Amino acid sequence: MSICGLDFGTSNSTVGVVHQQQPLMVPLELNSQSGEFETTLPSALFFDFETDDIHFGREAIELYSRGEFGRLMRSMKSILGSKNMDEGTQIKHKRYAFNDIIGFFMASLKQRAEAFNQQSLESVVLGRPVHFNDHHPELDLAAQNRMADIAHSVGFKQVSFQYEPIAAAYDYEQQVDKEELALIIDIGGGTSDFTLIKLSKQNRLKAQRDDDLLANHGIHIGGTDFDRHLSMATVMPHFGLNSYYIDKPTLKMPRHYYVDLATWHRIHLLYDANVLRDIAELARESQDKQAMLRLAQLLKNKQGHKLAASVEQAKIDLSHQETTSIDLSYLVNLEVHDNSEELLLNKASQLDLANAIEADVNKVFAAIDDTLTQAGLQGSQIDTLFTTGGSTALPSVKKLISKKFSQAKWISGDLFNSVGKGLLLDAQRRYL
Ligand SMILES: Nc1ncnc2c1ncn2[C@@H]1O[C@H](COP(=O)(O)OP(=O)(O)OP(=O)(O)O)[C@@H](O)[C@H]1O
Ligand SMILES: [Mg+2]
């Protein structure tokens, strides 16, 4: 029987298979820029309106960035567990349920893994965040059921789930000798998830790990939220955020348009004809007409994801440099004699980023405290800290981790593959 572990992430997805008797992360996509195969497939789809083809991953993002005529979808996982799960979206002339869209993506992951392994995959352990929804257990359960339905619909016969941070713990456990108490911190694109677990070489072989598991917790905050905060703080004011009405000088433009534009999985809602009409109307009423016309042009040209990608890139740059500039020159609106200087010289610093995301980062660390409380433990009792997920590269996150757990040994895992590797280990344990 052929098995796999599949990590459907908010930003990146991976698949682990047993290849020639060895566990291996599948090289899912050729990176056209580096010429190397990557084990991550960015969780993105591009519906090409000329050819009616659907493209995935880096290719989807590239086609959209080149201005091909079509629709980009990203961060679909954020919709799972939300109240909008049933809504679906109009793409060209057809209305798609989100299940269908996630299904196209999961089918592509499966197909790529099968092509690599020359074998059809029948059994899967899917990763899931500790909470798809932090507050509503019924929506959380519905989200998992939905993922199971999608996995069956793309041809998996056996489907089971594992919490993402537990999977990461199993990956790390491969290098553990003596028993240790580990805190796993996985801060990804959509959620931050934590596990407190006893790991050892012997425990690794046990079928049941309930006795080793001391706490499991998560919160719906991740890199896409950090993108939104950086965008609201540094970029959205150029598009009219905080500008006032001409005839109501104490009232600002409606904030919700900007929140949507800065939120990966809500951007497409703004391309609706009614919204475009509203924005054109607001441009007439705003004291900053130029900024509002810039917003209208951006929406007309469907450049919302491009803007979000510029902000995300700036955030990533700031993990290894003090300052960066967010190049928005492609958004200069020549039709209205736009003040291009303002967009070209749009700078952001590590401090701007740290300030913009501070409240959310504090919530993530409060959730880490809650994880310790669940187990009745203090931070000082942790032997090892294992971190994974792209957002653990953020300087302000790193600083807080090292301050809070100064006594623990800190192992920084593979940011993008740990969960997938652990899911495969679990699949081997469950199905083989
Ligand atoms: N160097 C970096 N500095 C800061 N953030 C980064 C860096 N590299 C990637 N990220 C961010 O990490 C996030 C993606 O991480 P990851 O692939 O672990 O998430 P995911 O597994 O797709 O999401 P989730 O597990 O929450 O569903 C994105 O928000 C991305 O912008
Ligand atoms: Mg993840």
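In which strand is Thr387 found? In this predicted model, Thr387 belongs to strand β19, which covers residues 384-388. The relative accessibility of Thr387 is 1%, and because buried means under 20%, this residue counts as buried. Its surroundings can be described residue by residue. Leaving aside residues up to four places away in sequence, Thr387 touches Ile185, Thr392, Ile401, Trp410, Ile411, Ser412 and Gly413. With one of these, Trp410, there is also a polar contact: the side chains of Thr387 and Trp410 meet at 2.9 Å.

From this single residue the description may turn to the division of the protein. Three domains are assigned: domain 1 (3-164 + 421-431), domain 2 (178-222 + 358-413) and domain 3 (236-345). Between the C-alpha centres of domain 1 and domain 3 the distance is 30 Å. Eleven residues from domain 1 and eleven residues from domain 3 take part in the contact.

The empty space in the model comes next. Rolling a probe the size of a water molecule over the atoms shows where such space is left. The largest pocket holds about 1,400 Å³ of space. Its lining is made up of 50 residues, and those nearest the centre of the pocket are Asn12, Arg74, Glu312, Ile316 and Phe416. Two or more lining residues are given by each of the elements α1 (57-65), β9 (70-74), α5 (223-234), α9 (304-317) and α13 (418-431). Of these, α9 provides the largest share, with eight residues. Sorted by class, the lining of the largest pocket contains 25 polar, 13 charged and twelve nonpolar residues.

The second largest pocket has a volume of about 640 Å³. There are 29 residues in its lining, and Gly70, Arg71, His268, Tyr271 and Lys302 lie nearest its centre. At least two lining residues come from each of α1, β9, β10 (89-91) and α9. Here the largest share belongs to β9, which supplies three residues. By class, the lining of the second largest pocket comprises twelve polar, nine charged and eight nonpolar residues.

How values were computed: Residues numbered from 1 in each chain as written. Chains lettered and ligands numbered in written order. Predicted model: local features only at pLDDT ≥ 70, side-chain atom pairs only at ≥ 80, totals over all residues. Heavy atoms only, no water. Helix = DSSP H or I, 4+ residues; strand = E, 2+ residues; numbered from the N terminus. Buried < 20%, exposed > 50% of the residue type's maximum accessible area, 1.4 Å probe, protein only. Polar contact = N/O pair within 3.5 Å; in protein donor to acceptor, adjacent residues only side chain to side chain. Contact = heavy atoms within 4.5 Å. 1 Å grid on protein atoms, 1.4 Å probe; cavity = no way out; pocket = protein on both sides within 12 Å on 5 of 7 lines; lining within 4 Å. Points joined across faces, edges and corners; volume = space filled by probe spheres on them. Nonpolar A, V, L, I, M, F, W, Y, C, P; charged D, E, K, R; others polar. Domains from an automatic or database assignment.
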